[in-house]
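This report goes through a set of local features, one region at a time. Please keep the sequence and the structure in view while reading.

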Amino acid sequence: MQLPLSFKIPVSVLVVVYSPDLDVLLLERADRPGYWQSVTGSRDEVNEDLAHTARRELREETGIVVGSDAVAGAALVDWDQHNVYEIHPAWRHRYAAGVNHNVEHVFGVCVPRDVAVMLTPDEHLRYRWLPWQAAADACFSHTNALAIRQLPSHAGVGPA
(Lines give C-alpha, C1' and ligand atoms only; values in the text may rest on other atoms or scores of the structure.)
Protein backbone atom coordinates (compact mmCIF):
# COMPACT_ATOMS: atom_id res chain seq x y z
CA MET A 1 0.00 0.00 0.00
CA GLN A 2 1.47 3.33 -1.03
CA LEU A 3 0.25 6.47 0.68
CA PRO A 4 0.51 9.84 -1.02
CA LEU A 5 3.87 11.43 -0.28
CA SER A 6 2.11 14.16 1.65
CA PHE A 7 0.93 11.76 4.38
CA LYS A 8 3.06 10.26 7.13
CA ILE A 9 2.88 6.54 7.82
CA PRO A 10 1.51 5.96 11.35
CA VAL A 11 4.36 3.60 12.27
CA SER A 12 7.38 5.21 13.89
CA VAL A 13 10.51 4.63 15.92
CA LEU A 14 11.75 6.14 19.15
CA VAL A 15 15.52 5.88 19.65
CA VAL A 16 16.82 6.48 23.17
CA VAL A 17 20.43 7.65 22.79
CA TYR A 18 22.39 7.28 26.00
CA SER A 19 25.93 7.24 27.36
CA PRO A 20 27.60 4.49 29.40
CA ASP A 21 26.80 6.61 32.51
CA LEU A 22 23.10 6.61 31.49
CA ASP A 23 22.95 10.25 30.49
CA VAL A 24 20.31 10.63 27.78
CA LEU A 25 20.50 12.82 24.69
CA LEU A 26 17.40 15.01 24.25
CA LEU A 27 16.53 17.21 21.28
CA GLU A 28 14.39 20.34 21.35
CA ARG A 29 11.81 20.43 18.55
CA ALA A 30 12.10 23.36 16.14
CA ASP A 31 8.34 23.39 15.50
CA ARG A 32 7.55 23.36 19.24
CA PRO A 33 10.28 25.14 21.26
CA GLY A 34 10.36 23.78 24.78
CA TYR A 35 9.31 20.28 23.68
CA TRP A 36 12.21 17.90 24.38
CA GLN A 37 12.39 14.38 23.02
CA SER A 38 14.59 11.51 21.94
CA VAL A 39 15.17 10.75 18.27
CA THR A 40 11.86 9.92 16.59
CA GLY A 41 10.58 9.42 13.09
CA SER A 42 8.18 7.58 10.85
CA ARG A 43 8.77 4.97 8.21
CA ASP A 44 9.44 6.47 4.79
CA GLU A 45 7.84 3.48 3.08
CA VAL A 46 5.19 1.08 4.34
CA ASN A 47 7.61 -1.88 4.26
CA GLU A 48 10.73 -0.06 5.50
CA ASP A 49 12.52 -2.23 8.08
CA LEU A 50 12.12 -0.67 11.52
CA ALA A 51 15.83 -0.97 12.36
CA HIS A 52 16.58 0.83 9.08
CA THR A 53 14.09 3.55 10.03
CA ALA A 54 15.78 3.91 13.43
CA ARG A 55 19.30 4.11 11.94
CA ARG A 56 18.12 6.59 9.28
CA GLU A 57 16.36 8.85 11.79
CA LEU A 58 19.36 8.73 14.15
CA ARG A 59 21.68 9.78 11.30
CA GLU A 60 19.30 12.47 9.96
CA GLU A 61 18.50 14.04 13.33
CA THR A 62 21.88 13.82 15.10
CA GLY A 63 24.55 12.87 12.57
CA ILE A 64 25.27 9.76 14.68
CA VAL A 65 25.85 6.71 12.52
CA VAL A 66 25.58 3.13 13.77
CA GLY A 67 26.69 0.23 11.62
CA SER A 68 29.84 -0.50 9.67
CA ASP A 69 31.09 3.13 9.52
CA ALA A 70 29.81 3.92 12.97
CA VAL A 71 30.76 5.29 16.30
CA ALA A 72 33.09 2.64 17.72
CA GLY A 73 31.15 0.00 19.63
CA ALA A 74 27.74 1.63 19.15
CA ALA A 75 25.00 -0.83 18.27
CA LEU A 76 21.33 -0.18 17.76
CA VAL A 77 19.26 -2.45 20.01
CA ASP A 78 15.59 -3.23 19.44
CA TRP A 79 13.99 -3.09 22.90
CA ASP A 80 11.16 -5.29 21.61
CA GLN A 81 8.66 -2.76 22.89
CA HIS A 82 6.00 -0.77 21.12
CA ASN A 83 3.50 1.86 22.15
CA VAL A 84 0.20 2.75 20.56
CA TYR A 85 -0.81 6.31 21.21
CA GLU A 86 -3.17 8.97 19.96
CA ILE A 87 -1.45 11.37 17.58
CA HIS A 88 -1.15 14.85 19.08
CA PRO A 89 -3.85 17.05 17.48
CA ALA A 90 -1.20 19.58 16.38
CA TRP A 91 0.35 16.93 14.10
CA ARG A 92 -2.73 15.06 12.79
CA HIS A 93 -2.77 17.06 9.56
CA ARG A 94 0.39 15.16 8.55
CA TYR A 95 -1.58 11.89 8.37
CA ALA A 96 -4.35 10.67 6.10
CA ALA A 97 -7.92 11.53 7.11
CA GLY A 98 -9.15 9.33 9.95
CA VAL A 99 -5.67 8.32 11.12
CA ASN A 100 -5.60 9.16 14.83
CA HIS A 101 -3.16 6.62 16.32
CA ASN A 102 0.47 5.74 15.79
CA VAL A 103 2.47 2.61 16.62
CA GLU A 104 5.90 3.55 17.99
CA HIS A 105 8.72 0.97 18.19
CA VAL A 106 11.46 1.58 20.77
CA PHE A 107 15.20 1.21 20.18
CA GLY A 108 18.25 2.20 22.19
CA VAL A 109 21.86 2.98 21.38
CA CYS A 110 24.75 3.61 23.76
CA VAL A 111 27.34 6.11 22.53
CA PRO A 112 30.19 7.99 24.18
CA ARG A 113 29.04 11.18 25.89
CA ASP A 114 31.45 13.20 23.71
CA VAL A 115 30.09 11.88 20.41
CA ALA A 116 29.65 14.65 17.83
CA VAL A 117 26.00 15.67 17.52
CA MET A 118 24.96 17.57 14.41
CA LEU A 119 21.35 18.72 14.42
CA THR A 120 19.14 19.38 11.41
CA PRO A 121 18.08 23.01 12.09
CA ASP A 122 14.61 22.69 10.58
CA GLU A 123 13.87 19.79 12.98
CA HIS A 124 15.71 20.63 16.22
CA LEU A 125 17.00 23.77 17.86
CA ARG A 126 19.29 22.41 20.58
CA TYR A 127 20.39 19.24 22.28
CA ARG A 128 21.38 18.40 25.81
CA TRP A 129 22.52 15.43 27.84
CA LEU A 130 20.71 14.77 31.10
CA PRO A 131 20.84 11.99 33.70
CA TRP A 132 18.16 9.46 32.76
CA GLN A 133 15.72 10.44 35.53
CA ALA A 134 15.89 14.15 34.61
CA ALA A 135 15.63 13.29 30.91
CA ALA A 136 12.45 11.31 31.53
CA ASP A 137 10.98 14.25 33.45
CA ALA A 138 11.91 16.69 30.65
CA CYS A 139 10.15 14.79 27.82
CA PHE A 140 6.79 16.07 26.63
CA SER A 141 5.86 12.60 25.36
CA HIS A 142 4.67 10.12 27.97
CA THR A 143 5.89 7.15 25.86
CA ASN A 144 9.32 8.74 25.54
CA ALA A 145 9.46 9.30 29.31
CA LEU A 146 8.38 5.68 29.90
CA ALA A 147 11.11 4.35 27.62
CA ILE A 148 13.77 6.43 29.36
CA ARG A 149 12.57 5.23 32.78
CA GLN A 150 13.16 1.67 31.54
CA LEU A 151 16.71 2.50 30.43
CA PRO A 152 18.55 1.02 33.44
CA SER A 153 17.05 -2.43 32.86
CA HIS A 154 17.76 -2.26 29.10
CA ALA A 155 21.32 -1.14 29.80
CA GLY A 156 21.82 -4.10 32.12
CA VAL A 157 22.23 -2.19 35.37
CA GLY A 158 19.10 -3.44 37.10
CA PRO A 159 15.52 -2.33 37.43
CA ALA A 160 14.61 1.31 36.93
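In which loop is the place of Ser-141? Ser-141 sits in the loop between helix 2 (132-138) and helix 3 (142-149); helices (H or I, at least four residues) and strands (E, at least two) are DSSP runs, numbered from the N terminus.

The model is predicted, so local features need pLDDT of at least 70 and side-chain atom pairs count only at pLDDT 80 or more, while totals for chains, interfaces and linings use all residues. Residues are numbered from 1 along each chain as its sequence is written, and side-chain values use heavy atoms, with hydrogens and water left out.

**Ser-141**

Ser-141 has a relative accessible area of 18% and is buried. Buried means under 20% relative accessible area, exposed over 50%, and partly exposed in between (1.4 Å probe, protein chains only). The side chain of Ser-141 makes a polar contact of 3.1 Å with the side chain of Thr-143. The side chain of Ser-141 also reaches the backbone nitrogen of Asn-144, at 3.2 Å. A polar contact is a pair of N or O atoms within 3.5 Å; within protein, one must be able to donate a hydrogen and the other to accept it, and residues adjacent in sequence count only if both atoms are side-chain atoms.

**Strand 6**

Strand 6 covers residues 101-110, and seven of its 10 residues are buried. Strand 6 pairs with strand 1 (residues 11-18) in the parallel sense, over eight bridges. In that part of the structure, Val-11 stands opposite Val-103 of strand 6. Strand 5 (residues 76-86) runs antiparallel to strand 6 and is joined to it by eight bridges. Leu-76 has Val-109 as its bridge partner in strand 6. Two strands count as paired if DSSP finds at least two bridges between them. In a regular strand the side chains alternate between the two faces of the sheet.

**Cysteines**

The structure holds zero disulfides, a disulfide being a pair of cysteine sulfur atoms within 2.5 Å. For Cys-110, the nearest cysteine sulfur is that of Cys-139, 17 Å away. Cys-139 is likewise in no disulfide, and the nearest cysteine sulfur to it is that of Cys-110. Cys-110 is partly exposed at 27% relative accessibility, whereas Cys-139 is buried at 10%.

**Salt bridges**

How many salt bridges are there? The count comes to 10, where a salt bridge is a side-chain nitrogen of Lys or Arg within 4 Å of a carboxyl oxygen of Asp or Glu.

| Pair | Closest N and O atoms |
|---|---|
| Arg-113 and Asp-23 | 3.2 Å |
| Arg-56 and Asp-44 | 3.4 Å |
| Arg-56 and Glu-60 | 3.5 Å |

Arg-113 forms a salt bridge with Asp-23. This pair links distant parts of the chain, 90 residues apart: Arg-113 is in the loop between strand 6 and strand 7 (124-131), and Asp-23 is in strand 2 (residues 23-29). Arg-113 is partly exposed, at 41% relative accessible area, and Asp-23 is buried, at 18%.

Arg-56 forms a salt bridge with Asp-44. Arg-56 lies in helix 1 and Asp-44 in the loop between strand 4 (39-42) and helix 1, so this pair ties together parts that are 12 residues apart in sequence. Arg-56 is buried, with a relative accessible area of 5%, while Asp-44 is exposed, at 52%.

Arg-56 also forms a salt bridge with Glu-60. These two residues are four apart in helix 1, which means that about one helical turn separates them. Glu-60 is partly exposed, with a relative accessible area of 33%. Salt bridges that share partners join Asp-44, Glu-48, Arg-56, Glu-57 and Glu-60 into one network.

**Glu-61**

Glu-61 is found in helix 1 (residues 50-62). A polar atom of the Glu-61 side chain lies 3.5 Å from the backbone nitrogen of Thr-40. Leaving aside neighbours within four places in sequence, the residues in contact with Glu-61 (heavy atoms within 4.5 Å) include Leu-27, Val-39, Met-118 and His-124.
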